[in-house]
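Q: I have a new model open and want to learn how to read it. Can we start with charged side chains?

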Amino acid sequence: MRTVWAWSVFIRLLARYLCSRVGWMRRVDFRDRLEGMTVVASQLLGWRKMRVLDPEHCPKEPPAVFVSNHIWLSDPMLAWPAIYYSSGERIATHFMMRDDFFRGGLWRWLPFNVDDIAEMCGAIRISRGNVQWSQMKPFLKVLEAPGAFLMYPGGTRSRSGLVFEYRESAEEIGGASFFVSHVQRRLGKPVPAVPMARTCHPVSGQSVLAFGAPLYVAAGADRAALRAFDAELAVRVAGLIEINVPHIMSGLLYLRCLHGGAPHLGVEELAQMVRDVVSRIRGRHVDPAALMDVKDEVEAMLGYFARYAMLTVEEGVVALNPDRILSCPPLDTQYYRNNPVKFQINQILHFSEVIDLIEDAALR
């Protein structure tokens with residue numbers, strides 16, 4: 001009955017929104033009916049396939065600024081429930097979104113405005129590369145309410161899989177410190193900046209949302225200190241990626257090809273290499289499946305890579321395709337399809353000690 005009630009709430013809100021499009025009603029906010037909307041969103045967005053790590057680091061009361069990596073369009077849709085439930089249902093976060101994403105293309109043929117829907121879910125829009133002061137004020141007002149918002153300091157989604165990927169005119173990480181320092185002065189109390197990271201398994205589709213310990217800007221911090229604060233936040237976000245079998249396998253296959261190793265190896269041999277690497281990782285989040293179901297994980301990933309012509313598997317023997325694995329495709333939204341091996345290994349490239357373990361196993 002709860003599901004039926006929740007969907008009836010959603011349908012009524014959607015009907016009111018459509019009426020607002022023709023001026024018959026005021027536009028509604030989905031966040032006004034959180035009890036029903038969380039049920040609907042959970043079913044539509046697959047929240048049941050999500051795990052949360054270290055939820056105790058999530059503040060239990062606003063204000064707060066959450067800072068995360070950004071690799072898929074669905075990132076805000078999963079970060080929202082991670083924050084909401086980890087805070088004991090006390091923080092229904094807003095999120096920062098660029099204002100031109102849904103312009104043109106197929107979006108204009110939809111019977112509703114996707115920007116409207118995003119705003120009804122908590123989005124606050126800004127102009128990427130040309131942010132105006134008027135666009136910054138809503139975020140400050142949210143924090144002062146008090147409330148919270150989520151931002152992606154990389155400025156855009158990573159195409160290559162790297163935690164942060166700078167393109168166009170971007171030269172440094174986005175400034176969470178700006179919002180935190182301003183609001184701290186106005187409220188007279190510290191405001192936490194909370195690092196988060198999402199890791200997504202390419203075969204199972206399971207996502208992991210990890211929280212890091214909150215950081216605080218020191219009172220009276222100068223510009224150099226604020227820049228250092230933002231850089232440290234980025235390092236903390238990067239350190240929250242959960243290492244899984246797809247990451248390790250990709251590193252093994254890539255380095256084997258890069259160093260001219262034999263293009264054939266047994267499935268069991270590959271699985272044992274993965275086990276050896278996993279057993280030596282210390283101080284990092286590691287996917288539980290990498291500790292228990294390595295053979296199944298390896299076989300699933302071999303099937304995944306085979307679909308993209310990275311390799312073939314026949315009678316327990318893996319034949320690598322070095323030309324595909326070592327290729328350098330354009331840095332666009334199809335990168336993860338054109339070279340899924342690089343896309344996976346790029347996600348943990350900053351873990352130098354783990355890369356050393358993978359290289360040792362690949363060249364042994």
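A: Start with the term. A salt bridge is a side-chain nitrogen of Lys or Arg within 4 Å of a carboxyl oxygen of Asp or Glu. Helices are DSSP runs of at least four residues, numbered from the N terminus. Keep in mind that this is a predicted model.

Q: How many salt bridges does a search of the whole structure find?
A: The search finds 11. Side chains of opposite charge can pair when their charged atoms come close. Take Glu299 and Lys295, whose closest N and O atoms are 3.8 Å apart. Both sit in helix 11 (residues 294-307), 4 residues apart, so about one helical turn separates them. Shared partners join Glu268, Arg275, Lys295 and Glu299 into one network of salt bridges.

Q: Which parts of the chain does the pair Arg51 and Asp287 link?
A: Arg51 and Asp287 form a salt bridge, with closest N and O atoms 3.6 Å apart. The pair links distant parts of the chain: Arg51 is in strand 1 (residues 50-53), and Asp287 is in the loop between helix 9 and helix 10 (289-292). They are 236 residues apart.

Q: Is Asp287 buried or exposed?
A: Buried means under 20% relative accessible area. Asp287 has 8%, so it is buried. Arg51 has 21%, so it is partly exposed.

Q: Which residues of helix 15 are buried?
A: They are Val354, Ile355, Leu357, Ile358, Ala361 and Ala362. These residues cover an arc of only 155° around the axis, so they lie on the same side of helix 15. They pack against helix 8 (245-258), helix 9 (267-280) and helix 14 (340-346).

Key
Residues are numbered from 1 along each chain as its sequence is written. This is a predicted model: local features need pLDDT of at least 70, side-chain atom pairs count only at pLDDT 80 or more; totals for chains, interfaces and linings use all residues. Side-chain values use heavy atoms; hydrogens and water are left out. Buried means under 20% relative accessible area, exposed over 50%, partly exposed in between (1.4 Å probe, protein chains only). Helices (H or I, at least four residues) and strands (E, at least two) are DSSP runs, numbered from the N terminus. The arc is that of the directions from the helix axis to the C-beta atoms. Contact means heavy atoms within 4.5 Å.
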